[in-house]
Amino acid sequence: MRLIVSIADDQAEAVIASAQSALQTGADLVELRLDQAAPDQVDALVTAATELPRGRWIATLRSEEEGGRCTRSANDRRAILLRAAVSGAGYIDVERRDAAAPFWHDGELGDAGLIVSQHCLEGIPVNPAGILRQLRELRGNVHGAAKLAWACRDIAENLTALDLMRGVPGERIVIAMGEKGVISRVLARKCGAFGTFCAPDDGPATAAGQVTVGAMLEDLGWVGQTANTQLFGVIGSPIAHSMSPAIFNAQFRKAAANAVYLPLRVDSERELRGFLEGCRSRPWLNARGFSVTVPHKHAALGVAGQLADPLTRRIGAANTLDFMEDGIAAYNTDYAGALGAIAAGMGVAEDALTGMRVTVLGAGGVARAVVAGLTEKGAKVTIYNRSAPRASALSSDFNCQTGDWDDRQRHNGELLINCTSLGMQPAVEETPMSPEGLRRDLAVFDTVYNPRETRLLRLARAAGCRTIDGVAMFVQQAAAQYLLWMSRVPDTELFERIVSDRLGSARRTGGQGE
Ligand code: NAP
């Protein structure tokens, strides 16, 4: 099982430096994308590649038709690849059309093997298993692998890619390309593939969806991946900037768990349902649980049906899916995360919320979970929301009061919670409450965590209020997910450290006014 780092630069010297660094980091092979080198650098690159360990590099001249930059004639392509083969390449990548009219004779490839490849930029081909078999046949008796890649349009195509890697005989690489295809890249080892392609730590990815070699080795436990590796992830759209993969993978590595947690881009409810059904019908996949974020929290609840936890049903949104023997259960851990953050930030037990006057700003998904938690503990909640009907609906579901959004400065809460998106990146100068509504004896909790230090929290501290930031809730809701899936308490300080590093700000949770 080979970890292959694909390297592209227009200068030969830079490619070789990056290749050496990738091999030192732990790559098994490096792919030199000759098609990405400046035309006058290609010969120099093949010559310089002899400095690399023999057999540890792949020479690739990807054509424009298959997503590369090579516009050379067939004869030129063949001459360059044959030269690479006798210069110490471990493999040469030959696209199907060139392999179909073989240009090599017995012995002409030296020790080099062949990767016979096809890249379908228009999407998944009709008969991928048949194509893989043809690619295998074109290799003849030369060692190497068949490689089939396509532009991934639906996350369930990853499961097809994994099926092909497990089921089709012969060495093979199958890639669902693009942001949605990360599972096919990361779980290649679990499925017995020839290898997987990833990006260098010090340069650009050559294809969307590639993970860096460092992340594969350090964060995703590539070396320890086995057929039993469990799959977790966070489902949403957009999802690329989620901090959840960083915290869960760090915890899995710390706990020596054989598991990966991936960002899973899903754009529609239909796609969500298809993917979850596909996971359920493949027990070997070991899909164990998924976090769910915007815009699928409501749909996730529907997927679970009767297996949704009763309070989660009342909230009307699930952020956690847990794979059970008889179906997929749904939970909402934002609720527990918010209560935990409030109690820790105020330095009280959760029961101290009983009878407390709480002002909630907002009536969206997070507000529903927060209000559910507060009313469960017996707090007296008043909801202010820009759209009054939404505030009324939430207050009647959980039996609390509402106030007019324009009167929110006159609230009488002891605890104020912002559940609106006001103040969130990029509109960081917005605040849902002006200084008139912030008194010294008030505690202020902002669920927004990016930025960590919101304008509301700055104003609150200036007014002498105790403040609680959204990172505490994010960490606690993630910890509750980990507990549900793994029946173990994670290291929340590790979570907190990673989130703080990512947000690039100092710890301020629970701080009294400065
Ligand atoms: P949502 O369902 O879309 O609700 C957004 C809320 O913000 C609604 O109440 C909306 O009011 C209000 N709002 C939006 N723009 C506004 C404006 N210009 N003026 C006044 N009100 C405005 O979103 P959500 O899922 O509840 O998320 C809300 C926030 O919670 C997010 O921004 C995120 O930062 C935070 N969050 C934190 C965590 C955590 O773990 N700390 C987790 C998830 C989310 P209308 O009803 O009038 O539209």
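I began at the ligand, where one of its oxygen atoms is 2.4 Å from an N or O atom in the side chain of serine 387. I count a polar contact as a pair of N or O atoms within 3.5 Å; within protein, one must be able to donate a hydrogen and the other to accept it, and residues adjacent in sequence count only if both atoms are side-chain atoms. The model is predicted, so I note that local features need pLDDT of at least 70 and side-chain atom pairs pLDDT 80 or more, while totals for chains, interfaces and linings use all residues. Residues are numbered from 1 along each chain as its sequence is written, and side-chain values use heavy atoms, with hydrogens and water left out.

**Entry 1**

A backbone N or O atom of valine 366 lies 2.8 Å from an oxygen atom of the ligand, and a backbone N or O atom of serine 421 lies 3.3 Å from a ligand oxygen. Taken alone, the ligand exposes 920 Å², of which the protein buries 78%; these areas come from the Shrake-Rupley method with a 1.4 Å probe, and for residues only the protein chains shown count as cover. I record α17 as the one that gives the most, with three residues. The ligand has 21 residues around it, and Val366, Asn385, Arg386, Ser387 and Arg390 come nearest; a residue is near if one of its heavy atoms lies within 4 Å.

**Entry 2: helix α17**

I then followed α17, which covers residues 470-486. Helices (H or I, at least four residues) and strands (E, at least two) are DSSP runs, numbered from the N terminus. The 17 residues of α17 reach 24 Å from first C-alpha to last, close to the 24 Å expected at 1.5 Å a residue; the expected span is 1.5 Å times one less than the number of residues. At its N-terminal end I found a cap from aspartate 469, with a side-chain oxygen 2.9 Å from the backbone nitrogen of valine 471. Just after the helix, serine 487 takes a positive phi of about 55 degrees. Of the 17 residues in α17, 14 are buried, where buried means under 20% relative accessible area, exposed over 50% and partly exposed in between (1.4 Å probe, protein chains only).

**Entry 3: aromatic rings**

I find 13 aromatic pairs in the structure. Rings of Phe, Tyr and Trp (its six-membered ring) pair with centres within 6.5 Å; planes under 30 degrees apart are stacked, over 60 edge-to-face and the rest tilted. Phenylalanine 248 lies in α9 (residues 244-254) and tyrosine 482 in α17, so the pair ties together parts 234 residues apart in sequence. Phenylalanine 248 is buried at 0% relative accessible area, and tyrosine 482 is buried at 2%. Both belong to one aromatic cluster that also holds Phe232, Phe252, Tyr261, Trp485 and Phe495.

**Entry 4: a loop serine**

Finally I checked serine 434, in the loop between β17 (415-418) and β18 (443-446). I note that serine 434 counts as buried at 18% relative accessibility. Its side chain makes a polar contact of 2.7 Å with the side chain of glutamine 409.
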